[in-house]
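Visitor: Hi! I have a structure open and would like to talk through how it packs. Can we look at it together?
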Amino acid sequence: MKANFENIHHYYQSLELGRYIDDICIGGDVFTLAPADYIKILPGFIYIVLNGSVAISHKANELTVGNTIEYMPIGLMEEYCPLLNFEYKCMTPVTAVKIPCEAFTALFYQSPEHMSVLSKILVFMTIFSLELLAERKQLTSYQTIKPMLHRYLYRTRTFENEKEGLANFIIRRTKLSRTHVFRVLADLKEGGYITMEKGKLISIDKTLPEDY
């Protein structure tokens, strides 16, 4: 099995870590947010997304560095390193739970089994980060865009309410120019490689070319 974003995500989901996360909801504050809302991080609290898609961006330059994965403890990085300054924007309707850091620590450090669950979540956060880094450090701009088409298609199938268009998805996650991204997508569409409607990628219709 190829180690791409989709396959890694499916493997992560197969671990069924949610049965441990249910313990958090008992003592936490469950809340919902609409698309385009931000999860406002308060010191001393951890936020765990139970369902929905959340984009992670640097406040300084608004560059999207990735998306949360299920059960990612938002706020934990900031708790350990206050120098970090991320924004968390909801791309779909989101349900999350907010708990004090003390309660989070007490829950996941109470037994080797719970500690193992937290370790797996943190390890997969690292794996996804490395996968995204490799995706965006290709030799050419087209080689950067190409795998993002597959990941965008997978995300829209996973989160049906995600409204972000393909071009914006690519631009927000790279430093590629808007003109260049639109030109590549238009050429792929004209060549019959992809189908797009209202700015969203509907399908990849044949094997994408190796070079552009």
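This is a predicted model: local features need pLDDT of at least 70, side-chain atom pairs count only at pLDDT 80 or more; totals for chains, interfaces and linings use all residues.

Visitor: OK, changing topic. How many residues are in the largest nonpolar core?
Guide: That core has 39 residues. Those with the most contacts inside it are Ile 24, Ile 39, Ile 48, Phe 104, Phe 108 and Ile 121. Helix H5 (residues 112–136) gives the most to this core, with six residues.

Visitor: What does Ile 39 touch, leaving aside neighbours within four places in sequence?
Guide: With those left aside, Ile 39 is in contact with Leu 33, Tyr 47, Val 49, Val 54, Ile 74, Tyr 88 and Cys 90.
Guide: There is also a second, separate core, of 19 residues, which includes Met 148, Val 181, Val 184 and Leu 188.

Visitor: Let's take Val 181 then. Buried or exposed?
Guide: Buried: its relative accessible area is 0%. Val 181 is found in helix H8. Leaving aside neighbours within four places in sequence, Val 181 is in contact with Ile 145, Ala 167, Ile 170, Ile 171 and Leu 176.

Visitor: How far apart are Val 181 and Ile 171 in space?
Guide: They are 7.4 Å apart, C-alpha to C-alpha, and ten residues apart in sequence.

Visitor: And what span should H8 have at 1.5 Å a residue?
Guide: The 13 residues of H8 (residues 178–190) should span 18 Å, and the end C-alpha atoms are 18 Å apart, which agrees.

Visitor: Which residues of H8 are buried?
Guide: His 180, Val 181, Val 184, Leu 185 and Leu 188. Seen down the axis of H8, these buried residues fall within an arc of 130°, so they line one face of the helix. As background, an α-helix has 3.6 residues a turn, so residues three or four places apart point the same way.

Visitor: What do the buried residues of H8 pack against?
Guide: They pack against helix H6 (141–158), helix H7 (166–173) and strand S8 (194–197). The face of H8 turned away from its buried side carries the exposed residues Thr 179 and Glu 190.

Visitor: Last one: which residue just after H8 takes a positive phi?
Guide: That is Gly 192, with a phi of about 80°.

How values were computed: Residues are numbered from 1 along each chain as its sequence is written. Side-chain values use heavy atoms; hydrogens and water are left out. A nonpolar core is a set of buried Ala, Val, Leu, Ile, Met, Phe, Trp, Tyr and Cys residues joined through side-chain atoms within 4.5 Å. Buried means under 20% relative accessible area, exposed over 50%, partly exposed in between (1.4 Å probe, protein chains only). Helices (H or I, at least four residues) and strands (E, at least two) are DSSP runs, numbered from the N terminus. Contact means heavy atoms within 4.5 Å. The expected span of a helix is 1.5 Å times one less than its number of residues. The arc is that of the directions from the helix axis to the C-beta atoms.
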